Amino acid sequence: MDRIWMALDARARAVAERPISALFEDPGRAAAFSAREGDMLFDYSKTNIDAETLELLLNLAEAAGLAACREAMFTGAKINETEGRAVLHTALRAPGGSVQVDGRDVMPELRATLARMRTFAEMVRGGQFAGQGGAITDVVNIGIGGSDLGPAMAVQALAPFHDGPRCHFVSNVDGAHVADTLKRLNPETTLVIVASKTFTTIETMTNAETARDWMAARVADPAAQFVALSSAQERTQAFGIPAGRVFGFEDWVGGRYSVWGPIGLSLMLAIGPDRFDDFLSGGAVMDAHFRSAPPRGNLPVLLALVGLWHAQVLGHPTRAVLPYDQRLARLPAYLQQLEMESNGKGVTMQGTRPLRPTGPVVWGEPGTNGQHAFYQLLHQGTQVVPCEFLVAARGHEPDLAHHHRLLLANALAQSAALMRGRSLDEARAIAARAGHAGDELERQARHRVFAGNRPSTMLIYPQLTPQVLGRIVALYEHRVFVEGVILGINSFDQWGVELGKELATALAPVIAGTDPGAGLDGSTRALLQFVAEFESR
Ligand code: F6P
């Protein structure tokens, strides 16, 4: 693989001065450097990838043994080697068949849990499962990370399909989050979902206890309005939630990949089990595409290769995700966990240091809002930020079609502007029209130059439906997988989050004043001192 990486480096040097726009002298460029999955189009023609570079990137995937790794994942091999686990979120959305883990077919149990979720959701939505003051009007999902971001992102994304109870999401241990959420709700008609795979996460358990106290103050049997989504049956029972209202999943569903199963219960309550099935079937459609489409027409493979070209070959340390779709406002945050917790690693599968940078920083905001905030840097800043645009061909508001036309125009215009830029001569003409002349014209013109040549991709889909959202989420999941395989890292553990958790647990009694906190560093001691002084006032 080293040889291919080096060839890519050479390629990067060779094309460094070539404007992306020059590639469009080939009238077939847009068609050749885009691919479809059904009615979804991924266009990467506005990058500096040409046929030779694409060939090298495809060689990289082949040399990494991508096809075999992919089959290993889908068939239940324990590819999460540092935790000794299979990686089977794809089984949660599989339309049928069997998947063996440790010689046992896991599908019957998955289907049984999904059927229980469906029955429960129908009862809540139909009013047969009610609160102690009447039908459930509000659902509060208490969870964090993968037990929050997926359902929170998807419930917002699918607002046009939301016909169930209102959904709220509490994640932060900051009491402000739970307090501000609960104060608007009636405990007698609220269902609380405690979503935690481990049922030990301190933020979630603290919020769950606060919610239970809040409910106990008004209803006779608070536990009756609690549901748990967790693999830890003993802990859910100890919390007081009976087994009939616990929806479990196995350790081969990673937190950030868990929206497809019980962690998606709030989404199922919001949009109903049939539309939740559509979401799952969208994921399954992308799985089938990922498994069978040839690499050069395979969306997750291409998205990953574009990512690797930008981050690992050209060295751009961040990438922006820019959904021109207000309802995907939480997608960048969702992808931050998916991509950065998965591929933000400093060690290879073999335990050695990676030779290339691993996952880039992922960030973003919906368009057009971002245009009025950070796009200045995207266009004229000294760092190049590869941009990933997402947009629907059609919105959900037929009466507001003119809004959607403007939205689309902005998405397409931004990606064109990033590539095209504005030359000094064009800027001079603008400065002249503004009445400048001589040296002042030169000075003014330089401020109006856009270097251009900034890469972007566009994912365009017909309309944001449950099925399309399922395809988009699965597309990004597989992209992360492909990048991880090529980088030779484990995308499915997250040891990097442990130390901070341990130190927070150790510091809590120090802040409470029950532990002297021996061995703390000077900065932490000084900060604690500030808090103590403030508290003693
Ligand atoms: O802090 C990292 C993490 O383990 C995530 O991977 C996970 O999604 C989140 O915490 C929540 O974990 P749990 O569902 O066990 O509460």
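I began with H372, which counts as exposed because it has 9 C-beta neighbours inside 10 Å. My cut-offs: buried is 20 or more other C-beta atoms within 10 Å of the residue's own, exposed is 12 or fewer, partly exposed is in between, with C-beta atoms placed from the backbone. H372 sits in the loop between β13 (361-363) and α15 (375-380). I took helices (H or I, at least four residues) and strands (E, at least two) as DSSP runs, numbered from the N terminus.

I noted that this is a predicted model: local features need pLDDT of at least 70, side-chain atom pairs count only at pLDDT 80 or more, and totals for chains, interfaces and linings use all residues. Residue numbers run from 1 along each chain as its sequence is written.

Next I checked the record. An unreviewed UniProt entry annotates E341, H372 and K501 as "active site". These three spread over 161 residues of sequence and also in space, up to 36.5 Å between C-alpha atoms. Such annotations may be inferred rather than shown by experiment; positions follow the numbering used here, and feature names are shortened.

Then E341. I found E341 in helix α14 (residues 331-343). E341 is buried, because 22 other C-beta atoms lie within 10 Å. E341 touches R256 and Q494, leaving out residues up to four places away in sequence. Contact here means C-beta atoms, placed from the backbone, within 7 Å.

Last, helix α13. Of its 15 residues, 14 are buried. Just after α13, G315 takes a positive phi of about 80 degrees.

Terms used:
Two residues are in contact if their C-beta atoms, placed from the backbone, lie within 7 Å.
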